Amino acid sequence: MTSIHQELIARVRDPQLDAILLDTPFGFQQNADEIAARTISYFRDHVGCEITLASYRHGGRATALELEQFLSRLGDANYVFAGPGSPTYALCHWRDSAMRERLTAKVRRGGCIAFASAAAISLGAYALPVYEIYKVGADPSWVEGLDLLGEIGVRCAVIPHYDNREGGTHDTRFCYMGETRLRFLEAMLPEDVLILGVDEYTACIIDVDAQTVTVRGRGGVTVRRRGVERRWERTSFALSELPHPAHASAPVAASASRSSEPNGMDSSPMIEQARGWFVRGREALDRRDIDGVVAAVLETESLLNEWAADIPGTDERDRARAEMRNLVVRLGHLVRGGGRDELREHVAPLVDVLLSLRGEARRERRFKDADRLRAILAQCGVEVQDTQAGTAWSMARG
């Protein structure tokens, strides 16, 4: 797959490549550090580029700050690779982490997601618990996937290793399920969900901008629904053909080189104004302008208050808050190591805003959000004290 990675990276590296490796799928393994190091070496020595580790091995053990740092790296990267491991383990720790939202934004606004093997399984609406069925003996079943491909009109279950032959005397095609179990699994899927099978040493490249699918590598790509199959090898075809098999480990890559958002997406005036402040905030970070970053966060918070009555029931407020948290995390990197008095002077307006958001979350009984904001402040060195007179804060002495 070396040439495939090189081709996909060439599409997104202008003006600068920011490639990351996600370690969640194999985060439970004792040799996780070795797998990460080998993957990084492979990209350096064979693909000819640098890829950095974006680590998120266990959602329950990660601090609020570590989660935000992971999401920030995921949001910034223009090439995201994940591969071997356990699909169910990865989904368990990705599902509630805003991971899907970051990947969806990347497909819509530009970037490349290159997922192989276990990670590829997670892209569908339904995911195959391979180890549980093949190794442990659990009954055939599906678990909820990220449904990232559903965002581009392909509701499916992704099955890599579709042509596997390791079994020798027994059927290990279809990611070790074999024909008998695949038929049973297929019958459990809703009518509108198909199976997308990708052979080993084969890439299914979905270009969202061009609305095309390209099959590269040794094998082929198969779409199957209720036993009806359609297969493509070493060719390109329209994306609209993929969901219709009756008419007509390897990475599954969804890429977009420029903005291709659906009509109406991100079109509200509030989002446009907020996006302008996010850009200014990032520019201020590049200049190491602390006051500029704080101003961007304060202006965004003011926008949220002004538009509160006009955006009920939408996800725009949550997306703006996510961008604010991103700026907060980066500001923490910028000011880390500064003097306590100077640090307090710079971050006081920002802390006050976060405490205001925390107070709002508590009044609305969104206690999980309130605890998360407090944890982020703690990780940034801010101690919060709730008293009868109100909420106070101080810089930690550590």
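**Notebook: aromatic pairs, a helix contact and a tryptophan**

I began with the aromatic residues and noted that Tyr42, Phe43 and Phe81 form one aromatic cluster, where rings of Phe, Tyr and Trp (its six-membered ring) pair if their centres lie within 6.5 Å. I am working from a predicted model, in which local features need pLDDT of at least 70 and side-chain atom pairs count only at pLDDT 80 or more, while totals for chains, interfaces and linings use all residues. Residues are numbered from 1 along each chain as its sequence is written, and side-chain values use heavy atoms, with hydrogens and water left out.

I then looked up the aromatic pairs, of which the structure holds 8. For tyrosine 56 and phenylalanine 70 I noted ring centres 4.8 Å apart and planes at 15°, so the pair is stacked (planes under 30 degrees apart count as stacked, over 60 as edge-to-face and the rest as tilted). This pair links distant parts of the chain, 14 residues apart, with tyrosine 56 in the loop between strand S2 (51-54) and H3, and phenylalanine 70 in helix H3; helices (H or I, at least four residues) and strands (E, at least two) are DSSP runs, numbered from the N terminus. I recorded both tyrosine 56 and phenylalanine 70 as buried, that is, under 20% relative accessible area, with exposed over 50% and partly exposed in between (1.4 Å probe, protein chains only).

I turned next to tyrosine 162 and phenylalanine 174, whose ring centres are 4.8 Å apart with planes at 65°, so the pair is edge-to-face. Tyrosine 162 lies in the loop between strand S7 (156-159) and helix H8 (173-176) and phenylalanine 174 in helix H8, so the pair ties together parts 12 residues apart in sequence. Tyrosine 162 and phenylalanine 174 are both buried.

I also checked how helix H3 (residues 64-76) meets helix H5 (residues 99-109), and their axes come within 9 Å and cross at roughly 15° (axes are lines fitted to C-alpha atoms, for helices over the stretch in contact, and angles run from 0 to 180 degrees between N-to-C directions). The contact is made by Phe70, Leu71, Leu74 and Gly75 of H3 and by Met99, Arg102, Leu103 and Lys106 of H5, contact meaning heavy atoms within 4.5 Å.

Lastly I looked up tryptophan 232, placed in strand S12 (residues 228-232) and buried, with a relative accessible area of 6%. Leaving aside neighbours within four places in sequence, tryptophan 232 is in contact with Val215, Gly220, Val221, Val223, Phe237, Glu241 and Leu242.
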